[in-house]
Amino acid sequence: MHTRTIVDPRYGAKLTGKTGNTTVGVMYANDEAPGNVDDTGASAFGHSAQTFVGRVRYDLYAESFVGATYTNREFLDSHSRVAGLDSRFRLGDTHELGMLAFGTQHRDLDGLEASGHMVNANIRKTGRNLRYLLAWYSLSPDFKTDVGFVRRTDQRFGYSEVAYRWWPESWIISWGPRVRYTRSYNFDGILEDEQASAGFNVAFADSINASAEVNRDMERFGGIDFFKTRYQFFTSVSKIRQFSFGVGGNGGDQIFFDPEQPYLGHDTGWRVFLNLRPVPRLESRINVDTNRFIDVRNSDQLVFDVNIFRALTTYQFTDRFLLRNISEYNSFDQRLSLNLLFTYRVNAGTAFYIGYDDRYQQADHIMRDLDGNGIDDRFFQSTALRRTNRAFFTKLQYLFRY
């Protein structure tokens, strides 16, 4: 279930509850968005989509259940239905088994029908020293849902991971290696992705952590098998509550995903975060992410260099009244966004929100966005930031108890 598939609800309702070991949730929405078209003669004009979601779960024993889910979206003569079962079983103190199976029925506005399926099984061990995970799933090419979100179909994927951890509990609290291996095929039997990796984690005293990993990958794109060697590492320090930080990097071979002429280049990236809490009511988190890609075929020519800066700050005036600010700048498309949100919370389910959102972009980039074929830069050379969006909004959320 992906709630953003419901874009412009005219009305709707949601009901959740639990009785004994059975938990039930249902939701219905009448969405006007599909009928919001400019052509008054179009068959979709003025019509709404009907979305229904149902979920039931029965708890068997501690951390174990069986459940069923059904979703349906209907618009004119089209429909998108998903139904399936899922389960999780706790086996002893350290093992867990999970299984699920879902099927889909889809008919579009042209009357074309398709049906698909997804199955998944995994077993996991989470011991103090040894842990491992074995998982497999299959997602057919015709698996379609208008209510959920599916990143990728036509995939048979296997995943395995084993890790071991020692606990000296001195200046090194714990440390250990891990290995991972994955393979992904499509339904025609073609190997599309393969990854083998090895790494380790170390937890030091005073809340200092470090990790590193090396990968050897095969990724298929545009009918070409690309073989990549990549690395990454990360270190964080959280010794005191008022201050914590972390720094990490990644790099190695990477594909430039050009649909016509993909090639293998080299990229490097850095990630830095800083948490500040000078007083109990004020907290700020600053993140910096960078990515630099070069074309090794052409004398290490720079293809792009992107920096993203993001700051999230909250101030708790009282136990009920909160101010939050999010600021972000993206150097690739020269975008700046600012967001303020005031929240007054009456209880866990009842709150009132007031928000303000402001978006800016460098002027010459705005003109390029409006015309995909580009505009002569001689006429639009300004590097000043100009406002592209501004919004003010309120929201009231009320929890009814009975």
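Colleague: Where is Asn215 placed, and is it buried or exposed?

Modeller: This is a predicted model, in which local features need pLDDT of at least 70, side-chain atom pairs count only at pLDDT 80 or more, and totals for chains, interfaces and linings use all residues. Residues are numbered from 1 along each chain as its sequence is written, and side-chain values use heavy atoms, with hydrogens and water left out. Asn215 sits in strand S12 (residues 208–221); strands (E, at least two residues) and helices (H or I, at least four) are DSSP runs, numbered from the N terminus. Buried means under 20% relative accessible area, exposed over 50%, partly exposed in between (1.4 Å probe, protein chains only), so Asn215 at 11% is buried.

Colleague: Which residues does Asn215 touch, not counting residues up to four places away in sequence?

Modeller: Contact means heavy atoms within 4.5 Å. By that rule, Asn215 touches Gln195, Ala196, Ser197, Lys228, Thr229 and Arg230.

Colleague: How far apart in space are Asn215 and Arg401?

Modeller: In sequence, 186 residues separate Asn215 and Arg401. In space, C-alpha to C-alpha, the two are apart by 52 Å.

Colleague: Which residues make up the largest nonpolar core?

Modeller: A nonpolar core is a set of buried Ala, Val, Leu, Ile, Met, Phe, Trp, Tyr and Cys residues joined through side-chain atoms within 4.5 Å. Val147 also contacts residues such as Met1, His2 and Arg73, leaving aside neighbours within four places in sequence. The five core residues are Ile6, Met27, Ala29, Val53 and Val147.

Colleague: Which strand gives the largest share of the lining of the largest pocket?

Modeller: A pocket, on a 1 Å grid over the protein atoms alone, is an open set of points where a 1.4 Å probe fits, with protein on both sides within 12 Å along at least five of seven lines; lining residues have an atom within 4 Å of a point. The largest pocket holds about 540 Å³, the space filled by probe spheres set on points joined across faces, edges and corners. Of its 13 lining residues, Lys14, Gly349, Tyr398, Leu399 and Phe400 are closest to the centre. Strands S1 (9–19) and S21 (385–397) each supply at least two, and the largest share, four residues, comes from S1.

Colleague: How many charged residues line the second largest pocket?

Modeller: The second largest pocket has a volume of about 280 Å³. Met1, Val82, Phe102, Phe143 and Thr145 lie nearest its centre, among 14 lining residues. Ala, Val, Leu, Ile, Met, Phe, Trp, Tyr, Cys and Pro count as nonpolar, Asp, Glu, Lys and Arg as charged, and the others, Gly among them, as polar. The lining has 10 nonpolar residues, four polar and, for charged, none.

Colleague: What is the phi of Glu63?

Modeller: Most residues other than glycine have a negative phi. Glu63 lies in the loop between strands S3 (49–61) and S4, and is partly exposed at 48%. Its phi is positive, near 60°.

Colleague: Over which residues is the pLDDT below 50?

Modeller: pLDDT is the predictor's confidence in each residue, from 0 to 100. The chain averages 92, and 95% of the residues score at least 70. Where pLDDT is low, the predicted coordinates should not be read in detail. The stretch below 50, with four contacts beyond near neighbours in sequence, is residues 369–376.
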